[in-house]
Amino acid sequence: MDALALWHHYQDWLYYHPDLDLYVDVSRMGLTQDVVRDLEPAFRRAFEQMQALEAGAIANPDEGRMVGHYWLRDADLAPTPEIRAEIRDGIAQVHRFSQYIHSGQIAPPQGGRFTDILSIGIGGSALGPQFVSAALAPVTPPWPFTFSIILIQRDLSGFLPKLAIACAPHWSSLFPSLGAPQKPAMVCWKRKPAISRQA
């Protein structure tokens, strides 16, 4: 296509969703009206299945669970009054707990105030808090974040002895009830988010 033909093709295939104020350019994906027509039944099924999920259909039949992570952002989308109330109550409890920590109403047993945040995650579960802290925390946060990733011995048994040595200085403060890490079942890997990595 010459430049003018490409411009007209772009205009024909540029999609705009006014409610979301979102543009999607599919002009270079090789789509034709025939392809779109052939895909229509599959798209219709996908939208129907998505609507069913949003309405509370069971997405995990083994555990009988629904999938509604997005309900946490808008409880009105949840399918039942009970779920909506549980979400709102849970979010309110988190806000109250945060306010109590910041105000000093909840304080360390020895007195004073909390000064640091330690997030402990198993494997990839530490990534979510890390992403949020990197995206939303100010450049100089009021409290420093430290993230610890727990590695299970059966998965990395050959790697653990080396890491245990590096982790030993932090072990008793992080896991006082576990005693000294002679043959640890898990190892901590401390790191500051998006800045440096250190044992």
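Helix α2 covers residues 33-54, and its 22 residues should span 32 Å at 1.5 Å a residue; the end C-alpha atoms lie 30 Å apart, which agrees. The expected span here is 1.5 Å times one less than the number of residues in the helix. Helices (H or I, at least four residues) and strands (E, at least two) are DSSP runs, numbered from the N terminus. The model is a predicted one, in which local features need pLDDT of at least 70 and side-chain atom pairs count only at pLDDT 80 or more, while totals for chains, interfaces and linings use all residues. Residues are numbered from 1 along each chain as its sequence is written, and side-chain values use heavy atoms, with hydrogens and water left out.

Helix α2 bends by about 40° at Glu40, and a proline, Pro41, follows within four residues. The bend at a residue is the angle between axes fitted to the seven residues ending there and the seven starting there. Glu40 also takes part in a salt bridge with Arg44, their closest N and O atoms being 3.5 Å apart. A salt bridge is defined as a side-chain nitrogen of Lys or Arg within 4 Å of a carboxyl oxygen of Asp or Glu. Both residues belong to α2 and are four residues apart, about one turn of the helix. An α-helix has 3.6 residues a turn, so residues three or four places apart point the same way. Arg44 is partly exposed at 44% relative accessible area, and Glu40 is partly exposed at 41%; buried means under 20%, exposed over 50%, and partly exposed in between (1.4 Å probe, protein chains only). Just after α2, Gly56 takes a positive phi of about 105°.

The count of salt bridges comes to four. Another of them joins Arg65 to Glu63, with the closest N and O atoms 2.6 Å apart; Glu63 is exposed, at 51% relative accessible area. In a further one, Arg88 pairs with Asp76 at a closest N to O distance of 2.3 Å. Arg88 lies in helix α3 (residues 81-103) and Asp76 in the loop between β4 (65-66) and α3, so this pair ties together parts that are twelve residues apart in sequence. Arg88 is partly exposed at 42%, whereas Asp76 is exposed at 54%.

Attention now turns to the strands β1 and β2. Asp21 lies in the loop between β1 (14-17) and β2, and has a positive phi of about 50° although it is not a glycine. Most residues other than glycine have a negative phi. Asp21 is exposed, with a relative accessibility of 54%.

Leu22 is placed in strand β2 (residues 22-25) and is partly exposed at 40% relative accessible area. Together with Tyr15, Leu20 and Val24, Leu22 forms a nonpolar surface patch of about 370 Å² accessible area. Patches consist of residues with over 30% relative accessible area and no salt bridge, where like charges are joined within 9 Å and nonpolar side chains (Val, Leu, Ile, Met, Phe, Trp, Tyr) within 5 Å. The accessible areas come from the Shrake-Rupley method with a 1.4 Å probe, and for residues only the protein chains shown count as cover.

The whole structure holds four aromatic pairs. One of them is formed by Tyr16 and Tyr23, whose ring centres are 4.5 Å apart with planes at 35°, so the pair is tilted. Rings of Phe, Tyr and Trp (its six-membered ring) pair if their centres lie within 6.5 Å; planes under 30 degrees apart count as stacked, over 60 as edge-to-face and the rest as tilted. Tyr16 is partly exposed at 35% relative accessibility, while Tyr23 is exposed at 54%.
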